[in-house]
Each structure stands twice: as C-alpha cells, then as structure tokens.
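Please look over the structure below. The paragraphs after it begin with a single residue and then turn to the contact between the chains.

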Number of protein chains: 2
Amino acid sequence: MNKRLEVCLTPALLPLYKVEDYIVVIIDVFRATTSICYGIENGAEAIIPVSQVEECAAYREKGLNYLLAAERDGAVVSGFDFGNSPFSYTPDKVSGKTVVLTTTNGTHALHLSIGAKKIVLGAFINLTALCNWLKTQHENILLVCAGWKNNFNLEDTLFAGAVVEQLKGLQFKTDDPAIAANDLYLLAKDDLSGYLKKTSHSDRLKQLGIEADIAFCLNVDMTTAIPVLQQNKLVKLTA
Amino acid sequence: MNKRLEVCLTPALLPLYKVEDYIVVIIDVFRATTSICYGIENGAEAIIPVSQVEECAAYREKGLNYLLAAERDGAVVSGFDFGNSPFSYTPDKVSGKTVVLTTTNGTHALHLSIGAKKIVLGAFINLTALCNWLKTQHENILLVCAGWKNNFNLEDTLFAGAVVEQLKGLQFKTDDPAIAANDLYLLAKDDLSGYLKKTSHSDRLKQLGIEADIAFCLNVDMTTAIPVLQQNKLVKLTA
C-alpha cells in the first residue's frame, strides 16, 4: 500500500489534488483522447490540443505542416482540415504530421494538470498498453476524467474504472471515487455501449450524428501507443 | 419528463448548478444530516448548523436555551454539551431545545445552496418520508452530497442513489451522476455497511471509534421528520 491510485471525477475537482505528486492520466473517451491515441498510433508526429477554434486557426499561419481539426455542433468548421472524429486520424491522413485539435473538456483537464510528474492520455483503445506501462512506474497515479462542462460523466468514469480494474491489488491504495468508478465499470463492462445508452450524453451524441464515432471509441485495446505531454505537444511515449 | 432529478456529487460542483431552479436536498449521512433528522424528529425546536467551533461557542452567551454540539477528533470539545453522535439527539436531551451543531461538510453544502426554492435534509433514517414528500412537489430536485473535504464520498452518493431509486420513473429526467449514484446504491443496498467497509472513510471512522454511530446512520426509515432550512435554522417541515 505504498502508492495511491485515485480518480478525479471532473476537472473542477483537480484543485483538491496536488498534481505534482502524481502521474496524471487524462481521460476524454468521447472523443478527444480516443482520437489522439489513434492519431499518435498512426504516426502523427505530434498533436497539439487547444481549447478555442481561433487558437487552432492561428496555426494556419505557422506553415502547411499543421493539420487543423475543429468542430462545432458535429460539423467540421469551414476552412479546417477535419473534425474530431477518430476516423480522421488514419495513417494516410496524419502520418508525419502535426495535428492541432480543438477540444474543450480535454484541454481544460490538461491545463489544470500542468506540473504533474508526467501527463499521459488514456482511452479504451489503448487501455491495456496504458495499464502495462503504469504498472512499471513507481508513482502515485491520478486518473483525471475530463467530464462534460466540468461535471461528472459516465463514459470517462467507466474508463477510469477499467484502469483501476487492471491495477487494483498491486499495492495501490484507492480512494472512494476509484472504488465507485471500478464498481460502475464492472457493472457495465460486458456491454459498455448498452450501459451508456441510458445516459443523457448518449442522446446528445445521437443528435450530433456521431454514433459510429462512439462505437469506435468503445473498442478496447486496438492500439498500443501512449500519448505523453511534452511542452504543449502530445507525442508518443518512448519507454 | 418535465422535471429534472440531478445529483451534485460534491459541494465543489455546486457552482455548475443554478440552485434557484431546484429544491435542494443536503446529504451528509455520516453524521450531520442523520443527527439533525433524528434531533428534529425527537422534538428539537431548531438546529443551527455552523462550520466553526468558535461560531458555536458564541451562542453560549445568547442564553441557556441553546445546546452546543462540537467535536474534534471524535471527542466532545471541552465546555460543550455534546458532540455529533446521533445518540446525543434523543428526546430527553433535545426536546424543546435549539441545538447549535458544528459540521464542516454539511454547513458548506448548505451555504452554497442558499437561494434554492427550498433546502431540506436527507439521511437513510428519513429516506422514505423524504421521498414521499418530494413526490408531492412539482419542482426540479437537486440532491447535494456534502462529501468529504469537497470531494466525492461513497456514503452520501449511495443515499442519493436511494432517493433516485424511489423517484425514478416518475417523470423525472436524470443526469449521469444520478444514474451512477443509483447503480451504486443498487449494488450496495442489500448490505450498505459491508459495502462501505471497503472505503477509506471507513478506516478513518473506525479510528475515531464511532462505529456505533455509523451503524445507526445506516438504519433506514426510522423517522419521518424532514428538516427544512428557514433563515439560518433547520426546523421541522410542515406540509
């Protein structure tokens, strides 16, 4: 019981933690961290998360090597290369490129985690690879759910619970949010998609017409790359 | 689906809600709202929650009709009448009296909820009475977990889930925290005490030697009084 394995259920609760004491895992399953994990797996040199469309657009002037991703209400913003769908992060599109990605909840969580021992990204598609790496580290671990507009959401919590499931019993002391996340995951794991259908978020996503994206985001262990924050860029973690 | 039934998992998330739109239920199962529900049931004229021991002590000068309750590290503070144990709130002690109670988490949640349509208190001991009253109201309901030092705790979340269990299906639209709380409650309900044993909070409470209090706090439907906030006092709700 030397190390702590804790879950921060929303970015609004991050001030309660001393991030300096942890490796932080940022979780924004629908869709930012899934798309980023997939893009890094597929050879993107780096992915830069920003919160505002304007911030993203500013990269246009820095050169043609940047791909700009921005969506509003489920549609690619005019003048941008693509949106936030993981299907845009295939090797033919992103290999060797730097992608600037607009993501509100994920960027917010990242910014608040600056100062952590390390900041990595997790999603169902890199679940086991992430957990295997975390097992080799000898640090406290804080799983940060990006949530929805600073509040709790189920999909990020379920993923946190999936990580707890792989790490529990390994000399970690868990907190109440970790216990809750793990129990919710155990309840949902045999049918993640079915479980999430009862959430309000699910309605919202259906209205946006991104059901195929959502199904993709619930694939487990498709990839092995772990994005890590270096300066303001997410790059592939090299052991 | 006219009304909303939502759960605010910690007071730190209260700024995300417009409390004016809701009847707020404050939940601090271990032990503040349990003791208050029990005291009001047992004839206390009013209970005044304050956050600081000094604030509580100041009432001594206002007259002998006040009973002062304050604890630090599980012991009654010297010069006070009793601590926060629900066993102190029996008819012989509190009937006709006004009790000034020191409670950090509960008071914090109360203060942040000022402005709500109504603020009532819930605990397992008044669960069904509370739910029956809530069913007669035609307002949005926000269940506010007092939590632990502004963060999520399991016991308050389980109680929120118990309320959701009685109200769901009754034309309420629930949010993700309400769904999660309800699922955790369903998992724990047959053995609340056993379920809570795995929490870190449980260790802390054991160290404080208040296991009998905790067992009491998990009794369901012992009482029917519902404390409601009027000015700065909690009094018995009269339909």
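In this predicted model, B:Ser85 sits in the loop of chain B that runs between strand S6 (75–76) and helix H3 (91–94). Its relative accessibility is 14%, so B:Ser85 counts as buried, the cut-off for that word being under 20%. A polar atom of the B:Ser85 side chain lies 3.0 Å from the backbone nitrogen of B:Phe87. Beyond its neighbours within four places in sequence, B:Ser85 is in contact with B:Arg31, B:Ser35, B:Glu71 and B:Asp213.

The next topic is how the two chains are arranged. Chain B is superposed on chain A by a rotation of 180° with 0.0 Å of shift along the axis, at an RMSD of 0.0 Å. This is the relation of a two-fold axis. Both copies use the same surface, as 100% of the contact residues of chain B recur in chain A.

The contact draws 26 residues from chain B and 27 residues from chain A. Between them the chains bury about 2,100 Å², of which 62% is on carbon and sulfur atoms. On the side of chain B, the residues that lose the most area to chain A are B:Asn151, B:Phe152 and B:Asp176, together 25% of what that side buries.

Between chain B and chain A there are zero salt bridges, while six residue pairs are in polar contact. Helix H6 (154–167), helix H7 (176–188) and helix H9 (200–207) of chain B each give at least two residues to the side that touches chain A. H7(B) provides the largest share, seven residues. By type, the residues on this side of chain B are 13 nonpolar, six polar and seven charged.

Methods:
Residues numbered from 1 in each chain as written. Chains lettered and ligands numbered in written order. Predicted model: local features only at pLDDT ≥ 70, side-chain atom pairs only at ≥ 80, totals over all residues. Heavy atoms only, no water. Least-squares fit on C-alpha atoms with pLDDT ≥ 70 in both. Contact = heavy atoms within 4.5 Å. Helix = DSSP H or I, 4+ residues; strand = E, 2+ residues; numbered from the N terminus. Buried < 20%, exposed > 50% of the residue type's maximum accessible area, 1.4 Å probe, protein only. Polar contact = N/O pair within 3.5 Å; in protein donor to acceptor, adjacent residues only side chain to side chain. Buried area = accessible area lost by both parts, 1.4 Å probe. Salt bridge = Lys/Arg side-chain N within 4 Å of Asp/Glu carboxyl O. Nonpolar A, V, L, I, M, F, W, Y, C, P; charged D, E, K, R; others polar.
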